[in-house]
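Work through the exercises below with the model open. Each task is followed by a solution in steps.

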Amino acid sequence: MITAEQREKIRGWFAGRLPDDLFEELVEVTADREEITVIGRIPGPRLADDVSDAERDAAVQGRIEEFRERTREDRILVAREAEHRFRRKVSWGVECEGRRGLFTHVAAPVMTRLRQPERQVLDTLIAGGVARSRSDALAWCVRLVQRHTDDWLGELSASLEHVQRVRAQGPDVEGVTDPSGEGGEDTGAQNGRAG
C-alpha cells in the first residue's frame, strides 16, 4: 500500500517536473504498486454559446485528442524519468470542460480464488450481458464497490496508513524478514485451504 507521505512525494515531484505549459492545473496524481496516473486540466475549445451539446462534446473530444498527440514527446520524457525514479509505469489523462479522458493505462492482472457462490455471482453477470467474462464481471464488481463506498475505503486507507506509521516506529524484531506479513509464511489455512 502507498502511504500518504509517498503519494505527496510523488505528486510533489510531478508538480515540480512537469513543464509549466503542459496543464492549466495538476488535478490528480494517484499511485499504487504498479502505476502512477497523472491527470491535468486543459483549456476547453473556444465555441459559440449557442452550439449544440453534440457539437460541444465532439469539440471537447477533439481537444483531448489534439493535446494527447501534441504533448506526447514531453510526456514520454517525464514518464521515463518517473518510471526510473519510482519503479512504476506512468499513465496520463486530462480533464477538459468537466470531461475526463484517460490515455493508455495499466490493466494489471489480479489472481483470486473464489468459492462457488462467488463464481455464481460472476456467471450471473455474464448471463445477463453485463460482462463478457468472469474477469470483466469481477472488474465490474470492483468498480461498483468503489463507486458506492468511497468514504468507507478512504477511512480504511487512512487507518492502514496509521498502522504502517506505528509499525515503523516500533523496535526491530530479530528474525523477522518481512514486516508486512505478506510473505514467508504458509497462509493456506488463513485462506480457507487446509494443508
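**Exercise 1. The overall fold**

How many helices and strands are there in the protein?

Solution. The protein has six helices and four strands. Helices (H or I, at least four residues) and strands (E, at least two) are DSSP runs, numbered from the N terminus. Starting at the N terminus, their order is α-β-β-α-α-β-β-α-α-α.

This is a predicted model, in which local features need pLDDT of at least 70 and side-chain atom pairs count only at pLDDT 80 or more, while totals for chains, interfaces and linings use all residues. Residues are numbered from 1 along each chain as its sequence is written, and side-chain values use heavy atoms, with hydrogens and water left out.

**Exercise 2. The setting of Ser-91**

Is Ser-91 buried or exposed, and which residues does Ser-91 touch?

Solution. Step one: locate Ser-91 in strand S3, residues 89–96. Step two: Ser-91 counts as buried because its relative accessible area is 2%; buried means under 20%, exposed over 50%, and partly exposed in between (1.4 Å probe, protein chains only). Step three: leaving out residues up to four places away in sequence, Ser-91 touches Glu-35, Ile-36, Thr-37, Val-38, Thr-104, His-105 and Val-106. Contact here means heavy atoms within 4.5 Å.

For the whole protein, 24% of the 195 residues count as buried. Among contacts with a separation of 6 or more, 53% come from residues 24 or more positions apart.

**Exercise 3. Helix H4 and what follows**

What distance does H4 reach from its first C-alpha to its last?

Solution. Step one: H4 covers residues 116–127, which is 12 residues. Step two: H4 reaches 16 Å, close to the 16 Å expected at 1.5 Å a residue; the expected span is 1.5 Å times one less than the number of residues. Step three: look just after H4, where Gly-129 takes a positive phi of about 80 degrees.

**Exercise 4. Leu-144**

Where is Leu-144 found?

Solution. Leu-144 is in helix H5, residues 134–148. With 30% relative accessibility, Leu-144 counts as partly exposed.
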